[in-house]
Amino acid sequence: MNPAEVYVIVAAYNEAPVIASALAEVIERGYQVVVVDDGSTDATWDALQTMAVHRLRHPINLGQGAALQTGVRFALGRGARYVVHFDADGQHPAAAIDALLEPLVTGRAEVSLGSRFLRPQDRQQIPKSKRLALRLAVWVNYLFTGLLLSDAHNGLRALTRRAASQIDLRANRYAHATELLRTVNRLRLAPVEVPTTIRYTDYSRQKGQSLWNAVNIVVDLLLKRVFD
Amino acid sequence: MKPIQPLLLLMLSIALLLYMRFLSSQLWGRIAVLIGFFAGASLIMAPEQANRLAALFGVGRGADLLLYIGIAVVLQLLIRIFVTLRSHERQLTLLTRHVALHEASSPEPKD
């Protein structure tokens, strides 16, 4: 597998302090890194100028789902063979990318998803309050997507070109995670879960999604169900 | 003639004028609105007719019937507005994506 065929898509919104360090190792490993600046109001765009990445910018803020979709579209246009979703805030370790790609490269699956609940050492890293919410999220996710996963809200994903080109994310904000899984289930793509760690830093903790946001996402999904 | 009648007629006429001036562009829409105007105007001027009409639908008063119809119309308009808003949001997304893709820049090749 040639790392230059792997496009790592990063949606960034106001991550100027950490974006360079979050992606340094990924860039070093030779992957194609695509950063989509989702209308940041801080110095994120400036920070990107000196990084060896493909850079795209949304003139207005659309949301993480839209930014990922833009990045994936770009990657597919450049002939990407594999597409990876990766966070901009340093929560994801670069080594996770290899783990995610393994089932795709061996042909075991077309979609692989990171999970924090497959190994005890990963599980223990998660703050207790989050753990319960995530456990519940697994069941809500099953209700909406038909997929029973161990980690329903993990931003680490890898897709083959074929899978990625069949997914068109329309939920701009956070409901994209569920929308993606629903499509994957509908297309019978049988995703594989891969153990991954998340590094919780004070920076990322403070930026984390609140429980209210989760309620918002569920409402979003219900509306989609009714109208689409 | 009750004082409310010319007042309602005035409000209805202003609504008609504003609609014709700012919101309408197609013939059938205009015809529909004109019919609505005349129906509304006649009910305003002859409220007893409204009572008869209401009785047909099993509603007590003509005023009540008009209220119910008014609510239904407003709800429908509201929903139309939301649908339009959503479609605008989608268009905005596609437009922003188009701009982002076209202005994309890549790192200098290292050789």
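What percentage of the 228 residues in chain A do buried residues make up? I found 53%. Buried here means under 20% relative accessible area, with a 1.4 Å probe and protein chains only.

I noted the ground rules next. The model is predicted, so local features need pLDDT of at least 70 and side-chain atom pairs count only at pLDDT 80 or more, while totals for chains, interfaces and linings use all residues. Residues are numbered from 1 along each chain as its sequence is written, chains are lettered from A, and side-chain values use heavy atoms, without hydrogens and water.

**Chain A overall**

I looked up the radius of gyration, taken over C-alpha atoms. Chain A has 16 Å; a compact globule with 228 residues would have one near 17 Å, which agrees. The globule rule is 2.2 Å times the number of residues to the power 0.38. I read the C-alpha box as roughly 45 × 40 × 40 Å along the principal axes.

I then checked the secondary structure. Chain A has 10 helices and seven strands. These are DSSP runs: helices are H or I with at least four residues, strands are E with at least two.

**H54(A)**

I picked H54(A), in strand 3 (residues 54–57). H54(A) counts as buried because its relative accessibility is 3%. Its side chain makes a polar contact with the side chain of S106(B) at 2.7 Å. A polar contact is a pair of N or O atoms within 3.5 Å; within protein, one must be able to donate a hydrogen and the other to accept it, and residues adjacent in sequence count only if both atoms are side-chain atoms.

I also listed contacts, meaning heavy atoms within 4.5 Å. Beyond neighbours within four places in sequence, H54(A) is in contact with residues including Y7(A), F74(A), R78(A), S105(B) and P107(B).

Note on methods. Buried means under 20% relative accessible area, exposed over 50%, partly exposed in between (1.4 Å probe, protein chains only).
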